[in-house]
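Biologist: Could you walk me through this model, one question at a time?
Modeller: Gladly, let's look together.

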Number of protein chains: 4
Amino acid sequence: MQTYIRVLEKPKLKNPILIEGLPGIGNVGRIAAGYLIEELKAKKFAELYSPHFLPYVLLHDNVAEVLKNEFYFWKNPKGDDIIILVGDSQAGDPSGVGHYEVVEKILDFCQELGVKKIFTLGGFATGEIEEMKGIEVLGAVNEAKLAKTYASAGVNFSDTASRIGMIVGATGLLIGLAKQRNMEGVCLMGETAGFPILTDPRAAEKVLQSLAKMLGVAVDLGTLDKRVKEMEEFLKKIEKMQQKAMKQLTTKEGEKLSYIG
Amino acid sequence: MQTYIRVLEKPKLKNPILIEGLPGIGNVGRIAAGYLIEELKAKKFAELYSPHFLPYVLLHDNVAEVLKNEFYFWKNPKGDDIIILVGDSQAGDPSGVGHYEVVEKILDFCQELGVKKIFTLGGFATGEIEEMKGIEVLGAVNEAKLAKTYASAGVNFSDTASRIGMIVGATGLLIGLAKQRNMEGVCLMGETAGFPILTDPRAAEKVLQSLAKMLGVAVDLGTLDKRVKEMEEFLKKIEKMQQKAMKQLTTKEGEKLSYIG
Amino acid sequence: MQTYIRVLEKPKLKNPILIEGLPGIGNVGRIAAGYLIEELKAKKFAELYSPHFLPYVLLHDNVAEVLKNEFYFWKNPKGDDIIILVGDSQAGDPSGVGHYEVVEKILDFCQELGVKKIFTLGGFATGEIEEMKGIEVLGAVNEAKLAKTYASAGVNFSDTASRIGMIVGATGLLIGLAKQRNMEGVCLMGETAGFPILTDPRAAEKVLQSLAKMLGVAVDLGTLDKRVKEMEEFLKKIEKMQQKAMKQLTTKEGEKLSYIG
Amino acid sequence: MQTYIRVLEKPKLKNPILIEGLPGIGNVGRIAAGYLIEELKAKKFAELYSPHFLPYVLLHDNVAEVLKNEFYFWKNPKGDDIIILVGDSQAGDPSGVGHYEVVEKILDFCQELGVKKIFTLGGFATGEIEEMKGIEVLGAVNEAKLAKTYASAGVNFSDTASRIGMIVGATGLLIGLAKQRNMEGVCLMGETAGFPILTDPRAAEKVLQSLAKMLGVAVDLGTLDKRVKEMEEFLKKIEKMQQKAMKQLTTKEGEKLSYIG
């Protein structure tokens, strides 16, 4: 079995733009792309399967489903049409082979559909939980001039190299390999704590705000805002617990020290 | 070398149903499928070899044999014929490539034979040794309606997603990938402790009871019952040893504490 | 690049028998096969290269050489001709893919040359350094009747399964996969300590004694005997050092105990 | 996707010689080859891409670039033309498959261009920071006679096997596999500390001195000299810090001992 795409419907698209949001740090890209699908009522038209995904099935209720990526489209009444790529998984192998195979397959498919612009969405780990207003979106491009084209969308294109250095997985490879096909590529990465279990709608909202500006598409972020508020509540609880734990720890350490001393 | 199937005999089968029981947690599936082969006096007709199995040979007395999977058939005088898949091994690589190759090869072969229904058998680890009567069989399907079709077989289809979340290996992939070929797929998983060395005939018996109901095939579980009793004796011994060890440990910990304090 | 064989010369061989001795536990097989090449003055006629060998070159003086396996032949004036396979390496990947590819390539080549019997040589680790006279050779076959055919060669075919259970790598796979090509396969394994740095000419001598009987070929083991004596000297030194270390350790432990107690 | 070479320009070259300097220990080869490109004003004419490189993109400012290797050429007015191979990465997989694929692709390409001599540049770790004047260059060849041909270039060809034993990665495989294509291969390795973060222009300068003699090409090492001086300053600082740390440590250990004793 090779990586393959199962086409459910062949939509006619006008200058389609690919937006990718696969699982990754803080699930930022996935949340952002998933939200976009809901808000725009985008329609699924293709699925990608790969032997490079991990060998298990996910259970939705009692229904087992093989890991897959999914393509949705949205016909933009006022501008270029949009394709959104989401999914359960990226390639699971530590070496490059699986990642390259899946990403090339995605690019082949997009090229056939006439895609010439790609936006990839992700998070990057800071190790800190920041205030909502302080969360930055860092940007990378696959051609220097693109940073100027999108300069006014509130994305920090200046510190990306010094703060990140590299972009791992599909989010990076998609724009890197798109260059050889003369496709424009922009990667937007929202700052997130990067704690393993914490999915981060706040970074996703920041990323979507910038993306909407770049695309000139109005996206109502109201529903995401609600999730962000729930998350902030959750973060406050965690913080309190941490403070409490810290206190106990310090006291104990103090006791220990006094005991040893 | 690619994964390949060596056909020993080409049986003519009537609406054949595949039952899979490969090695896995508690070896539940393997014991169940192996027992079925013995009870039904099923006949081997094909072997599967793969470079994705680990690179060693097993010794049966002094005879070295490459790892393989085996297909058996049983002609059902009163209903659909049955194919049973057992074996020494699943694919050994941690990434998906080997698993996908082997499972697709099995499905190709079954499709040629006219299989339209697949039952996969396995265990799932609870970390607890439960009473025989408390052992549940959880079920997963590859189409929602199948859970209703088989509702009366004593299988819990309601808690599978919340208690398991995913099914790893051939047991899951077989029904997941079967869906794309319009084959029905049901996975039955018996609760087992999941201790590495413990193969579990008790969970296997529970799985077989449900399977027999689903298939409408009478299977005499008498011989398996004997093994279950042996296992229960063994479990009692383990429990006693654990209690003894626990006692000693507690006392020692107590001594230590009093010594330190 | 695929695994390939570079043929240097095409010898005409009479019922050739393959003898394999690749690197492994105690390097028993490699020493035995290498000694055989020297004693019989066998001639190299082919080399096997594989991308599944590890990615480095070995230095012989200052000359860098890619890892390879080598085929030698010896024209037996009194019986069947002999092919000897030695080499720097077995496949380096932990999964089966590389091992299967290399072993199948060896079997393809041998089949073309008319090979119908294969002897593989190896060691198996006991964790103990035994007296020369106590070293046993365990045997495995790929057909039950072969154990009887070679019953009088001083090989223990009775305890192989219970003491080993499996044979890892080319030594096992060669005879396992040979069966499907109707080639006879016998594996001889000499008991060795299995310490990582210790290559073991003693086990190699025992293996060669049995092999010579099975083949009906006279092999002068005099030179190997010398190496065995050197090894025995070396083992005595190690033993003395161990006893010394043990003594010191015991005393120290005793001191510690008295100190704690 | 397979490893492939994207040709930007097809230069006509006169007896071209390949010089390779990819990332490795102390980045010695990469620095040396990179310096050569700058000094000779060599021109890029081809890029190599491979799915065996790790799955990430590097950021140069905000521009994301897929990992690649690059070929440069320099037309030598007084002798044979030169091709220089540099890059971001070697194959990333621990087994040989990726390394072999990339190296064979490089050799295919060089063979088409008429290359008959290959020089590979690298470092080898000594674990010691040595004085500049004491740094040796060890040499390996793919044919014994080459060590004599290049005897007067200040390279130690005598101790290579005893001090190194093997050469890992492209630096070794390129000359090892070149032999089968009747290409001459010489590997030059400069002694370097081998500390993970320390790139070593000093070993690179030594390697370049020997290479220039072998090629009969004048290379001005002035600019590299400056970097070497910066490095020596840096090494002095490290040494002072180490001495300081050592002193503190010894004192503390002393205190501890007196405390315990």
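**Inside helix H2 of chain D**

Modeller: Let's begin with what covers the buried residues of H2(D): strand S2 (17-20), strand S3 (43-49), strand S7 (82-87) and helix H5 (170-178) of chain D are included. Contact here is two C-beta atoms, placed from the backbone, within 7 Å. Helices (H or I, at least four residues) and strands (E, at least two) are DSSP runs, numbered from the N terminus. This is a predicted model, where local features need pLDDT of at least 70, side-chain atom pairs count only at pLDDT 80 or more, and totals for chains, interfaces and linings use all residues. Residues are numbered from 1 along each chain as its sequence is written, while chains are lettered from A and ligands numbered from 1 in the order in which they are written.

Biologist: Which residues of H2(D) are buried?
Modeller: Buried means that 20 or more other C-beta atoms lie within 10 Å of a residue's own, with C-beta atoms placed from the backbone (exposed is 12 or fewer, partly exposed in between). In H2(D) the buried residues are D:Val97, D:Gly98, D:His99, D:Tyr100, D:Val102, D:Val103, D:Ile106, D:Leu107 and D:Cys110.

Biologist: How far apart are the end C-alpha atoms of H2(D)?
Modeller: The expected span is 1.5 Å times one less than the number of residues. For the 16 residues of H2(D) (97-112) that should give 22 Å, which agrees with the end C-alpha atoms being apart by 23 Å.

Biologist: Which residue just after H2(D) takes a positive phi?
Modeller: Look just past the end of H2(D). The phi there is about 90 degrees, and the residue is D:Gly114.

Biologist: Which element gives the most to the side of chain A that touches chain B?
Modeller: The contact takes 20 residues from chain A and 29 residues from chain B. On the chain A side, strand S4 (56-60) and strand S5 (63-66) each supply at least two residues. With 5 residues, the element that gives the most is S4(A).

Biologist: What is the bridge partner of A:Tyr56 in S10(B)?
Modeller: Strands pair if DSSP finds at least two bridges between them. S4(A) and strand S10 (residues 166-168) of chain B pair in the antiparallel sense over 3 bridges. In S10(B), the partner of A:Tyr56 is B:Val168.

Biologist: How far apart are the nearest C-alpha atoms of chain A and chain C?
Modeller: Chain A and chain C do not touch. Their nearest C-alpha atoms are apart by 14 Å.
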